[in-house]
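Work through the exercises below with the sequence and the coordinates at hand. Each task is followed by a stepwise solution.

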Amino acid sequence: MLYLHDVWVNWFEGEENGYNVSPFHEWRKEDGIELLDQAPLLYITNDLYQFIENDLQDLPISLLESIHRRAYLRKNQERKSLDYAAIVTNGHSVLAFDTLGYTLPVRKSRLIPRQERLALEMIEGQKPNKYDWDSSLAKKEHHILSLSPEYMLGLTRKERQLKQLLMMALDQLQHTDNPEEIRYWLTEWEPSHYPMVKEYTIEQAWQKLYEGTTPGWSRAHEELCGKIIKGQPFFEKIWELENHKAEAGIKNQN
């Protein structure tokens with residue numbers, strides 16, 4: 001078995017979508033980077049790699065057995081074994097995961113560029129390992145709280161987080177009993193709807209708002225998000241934290 005040593009990881013916990021596992025250039029000072037003293041390196045098929053990267057389902061038993069207690073975390077000069085942790089690659093991308101003792105990839109991390117290159121070099125000329133698993137599980141349905149990757153393409157870490165916050169607010173709005181509130185936010189987002197907004201059913205108005213805000217990210221998206229969460233403490237806290245962390249990250253880079 002191949003191993004990587006002294007691997008810096010920045011764990012993102014409970015993320016089912018790979019686009020929320022930020023690349024190295026988006027890591028922040030307060031993220032809490034850890035050091036894997038040793039981790040198995042597995043060259044796997046692309047469908048299995050996509051399954052691990054973009055889902056939170058049980059991993060193949062044979063894969064888990066092959067990596068059992070073979071990874072070690074280095075902390076305060078102590079070496080601690082991890083039940084099921086490894087670095088996987090499909091020959092193009094690289095991802096670290098740790099199950100925290102469970103059977104699904106609870107924590108995921110990208111690698112720093114130098115160690116990504118090393119991982120890809122180490123599997124050159126080899127064939128991917130085959131594991132017994134149901135590849136039909138890799139088919140995933142996306143929804144408002146788990147947008148398709150195409151809607152997150154090109155966005156920064158801050159933009160992805162705020163977009164998810166906006167989608168959470170829209171999901172809540174969908175279940176409101178106040179049709180006028182939905183119509184108000186639709187015209188706030190796109191004033192051209194104003195002449196006919198009264199003719200829209202509550203479902204039509206919400207759908208137009210959702211379809212209009214799903215693609216991309218812009219200042220208009222951010223302004224709508226900031227307005228629509230006003231007066232909702234939980235959403236406001238997420239907003240404040242994300243903007244604070246993003247600003248701190250920019251200062252650190254400068």
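**Exercise 1.** Where is the place of glutamine 57? Describe its surroundings in this predicted model.

Solution. 
- Step 1, location. Glutamine 57 sits in the loop that runs between helix H1 (46-53) and helix H2 (61-67).
- The relative accessible area of glutamine 57 is 29%. Buried requires under 20% and exposed requires over 50%, so glutamine 57 is classed as partly exposed.
- Step 3, contacts. With neighbours within four places in sequence set aside, glutamine 57 touches Phe51, Thr103, Leu104, Pro105 and Leu137.
- Step 4, separation. Proline 105 is 48 residues from glutamine 57 along the chain, and their C-alpha atoms are 7.4 Å apart.
- Step 5, polar contact. The side chain of glutamine 57 forms a polar contact of 3.2 Å with the side chain of aspartate 55.

**Exercise 2.** Proline 60 lies in the loop between H1 and H2. Is proline 60 buried or exposed, and which residues is it in contact with?

Solution. 
- Proline 60 has a relative accessible area of 5%. The cut-off for buried is under 20%, so proline 60 is buried.
- Step 2, contacts. Apart from neighbours within four places in sequence, proline 60 is in contact with Leu48, Tyr131, Asp132 and Trp133.
- Step 3, separation. Between proline 60 and leucine 104 there are 9.1 Å, C-alpha to C-alpha, for a sequence separation of 44 residues.

**Exercise 3.** Which residues make contact with serine 22, and with which side chain does serine 22 make a polar contact?

Solution. 
- Step 1, location. Serine 22 belongs to the loop between E2 and strand E3 (34-43).
- Serine 22 counts as buried because its relative accessibility is 1%.
- Step 3, contacts. Beyond its neighbours within four places in sequence, serine 22 contacts Phe12, Trp27, Arg110, Arg157 and Arg160.
- Step 4, polar contact. The side chains of serine 22 and arginine 160 are joined by a polar contact of 3.1 Å.

**Exercise 4.** Is tryptophan 189 buried or exposed, and which residues is it in contact with?

Solution. 
- Step 1, location. Tryptophan 189 is part of helix H5 (residues 179-189).
- A relative accessibility of 18% is under the 20% cut-off, so tryptophan 189 counts as buried.
- Step 3, contacts. Neighbours within four places in sequence aside, tryptophan 189 contacts Leu209, Gly212, Thr213, Ala220, His221 and Leu224.
- Step 4, separation. Histidine 221 is 32 residues from tryptophan 189 in sequence and 8.2 Å away in space, C-alpha to C-alpha.

**Exercise 5.** How much space lies in the largest pocket, and which residues are the closest to its centre?

Solution. 
- Step 1, volume. The largest pocket holds about 570 Å³ of space.
- Step 2, centre. It is lined by 24 residues, of which Glu15, Asn20, Gln161, Gln164 and Glu242 are the closest to its centre.
- Step 3, elements. Strand E2 (12-13), helix H4 (157-174) and helix H8 (233-253) each give at least two residues to the lining of the largest pocket. H4 has the largest share, with 5 residues.
- Step 4, composition. The lining of the largest pocket has 8 nonpolar, 7 polar and 9 charged residues.

**Exercise 6.** How many helices and strands are in the protein chain, and what percentage of its residues count as buried?

Solution. 
- Step 1, elements. The protein chain has 8 helices and 8 strands.
- Step 2, burial. Of its 254 residues, 45% count as buried.
- Step 3, contact range. Among contacts between residues at least 6 apart in sequence, 70% join residues at least 24 apart.

How values were computed. Residues are numbered from 1 along each chain as its sequence is written. This is a predicted model: local features need pLDDT of at least 70, side-chain atom pairs count only at pLDDT 80 or more; totals for chains, interfaces and linings use all residues. Side-chain values use heavy atoms; hydrogens and water are left out. Helices (H or I, at least four residues) and strands (E, at least two) are DSSP runs, numbered from the N terminus. Buried means under 20% relative accessible area, exposed over 50%, partly exposed in between (1.4 Å probe, protein chains only). Contact means heavy atoms within 4.5 Å. A polar contact is a pair of N or O atoms within 3.5 Å; within protein, one must be able to donate a hydrogen and the other to accept it, and residues adjacent in sequence count only if both atoms are side-chain atoms. On a 1 Å grid over the protein atoms alone, a cavity is a set of points where a 1.4 Å probe fits but cannot get out, and a pocket is an open set with protein on both sides within 12 Å along at least five of seven lines; lining residues have an atom within 4 Å of a point. Grid points are joined across faces, edges and corners, and a volume is the space filled by probe spheres set on the points. Ala, Val, Leu, Ile, Met, Phe, Trp, Tyr, Cys and Pro count as nonpolar, Asp, Glu, Lys and Arg as charged, and the others, Gly among them, as polar.
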